[in-house]
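Q: I would like to learn how to read a helix and a pocket in a structure. Can we work through an example?

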Amino acid sequence: MMKRVFGITGWKNSGKTTLTEKLVAELARRGWKVATVKHAHHDFDIDKPGTDSFRHRHAGATEVAIVSGRRWALMHELRGEDEPKLDEILSRLAPSDIVLVEGYKRETHNKIETRRLEARDRTPLSAGDPYVVAVAADFAVSGESLPVFDLDDTKSIADFVERTTGLTR
């Protein structure tokens, strides 16, 4: 079965993470099982020096699973392999009603573009990306042919995501 995927994209400091967090909360409040994929910079790490899992990875393990009664995590060291494609990551996720994907600007799934006045770059991505299907901004946007939402109007954006992805009861 094809996963229901919707993206949140934009330049650095454009409000992607805040909108993603609010959408997860709103969609979960509506009873949907939501998963997320966050594209990060190459140097990120979720592990800390001194932990057992860190020691396992540094000894050369390519995958380390950490499991407890509350949660589990799987870390995969690429060790020279190419970064996996989004589809490969999506295929490894447990079933959910929808996957919200933060980042991955150049992928071919529908996405909403976030724009903030404080962002480093405000060049519209929608002009060159046919998969940008809406814009959410913290300022008035003119001359845009796509639906435009207030960046803080989470309920309307969640309604749009449900309609766009066919997420219905």
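This is a predicted model: local features need pLDDT of at least 70, side-chain atom pairs count only at pLDDT 80 or more; totals for chains, interfaces and linings use all residues.

Q: What should helix 4 span, given its 12 residues?

A: At 1.5 Å a residue, helix 4 (residues 154–165) should span 16 Å, and its end C-alpha atoms are 16 Å apart, so the two values agree.

Q: Which residues of helix 4 are buried?

A: The general idea comes first. An α-helix has 3.6 residues a turn, so residues three or four places apart point the same way. In helix 4, the buried residues are T154, I157, A158, F160, V161, E162 and T165. They pack against helix 1 (16–29) and several strands, including strand 1 (5–10), strand 5 (98–102) and strand 7 (132–137).

Q: Which residue follows helix 4?

A: G166 does, and its phi is positive, near 75 degrees.

Q: Where does the largest pocket lie, by the residues nearest its centre?

A: Again, the general idea first. Rolling a probe the size of a water molecule over the atoms shows where empty space is left. Here the largest pocket holds about 1400 Å³ of space. Its lining has 34 residues, and F44, L74, M75, H76 and I89 lie nearest the centre. By class, the lining has 17 nonpolar, six polar and 11 charged residues.

Q: How much space lies in the second largest pocket, and which residues are closest to its centre?

A: The second largest pocket has about 440 Å³ of space. Of its 20 lining residues, K16, K38, H39, H41 and K105 are closest to the centre. The lining divides into three nonpolar, 10 polar and seven charged residues. Helix 1 gives the largest share, three residues.

Terms used
Residues are numbered from 1 along each chain as its sequence is written. Side-chain values use heavy atoms; hydrogens and water are left out. Helices (H or I, at least four residues) and strands (E, at least two) are DSSP runs, numbered from the N terminus. The expected span of a helix is 1.5 Å times one less than its number of residues. Buried means under 20% relative accessible area, exposed over 50%, partly exposed in between (1.4 Å probe, protein chains only). Contact means heavy atoms within 4.5 Å. On a 1 Å grid over the protein atoms alone, a cavity is a set of points where a 1.4 Å probe fits but cannot get out, and a pocket is an open set with protein on both sides within 12 Å along at least five of seven lines; lining residues have an atom within 4 Å of a point. Grid points are joined across faces, edges and corners, and a volume is the space filled by probe spheres set on the points. Ala, Val, Leu, Ile, Met, Phe, Trp, Tyr, Cys and Pro count as nonpolar, Asp, Glu, Lys and Arg as charged, and the others, Gly among them, as polar.
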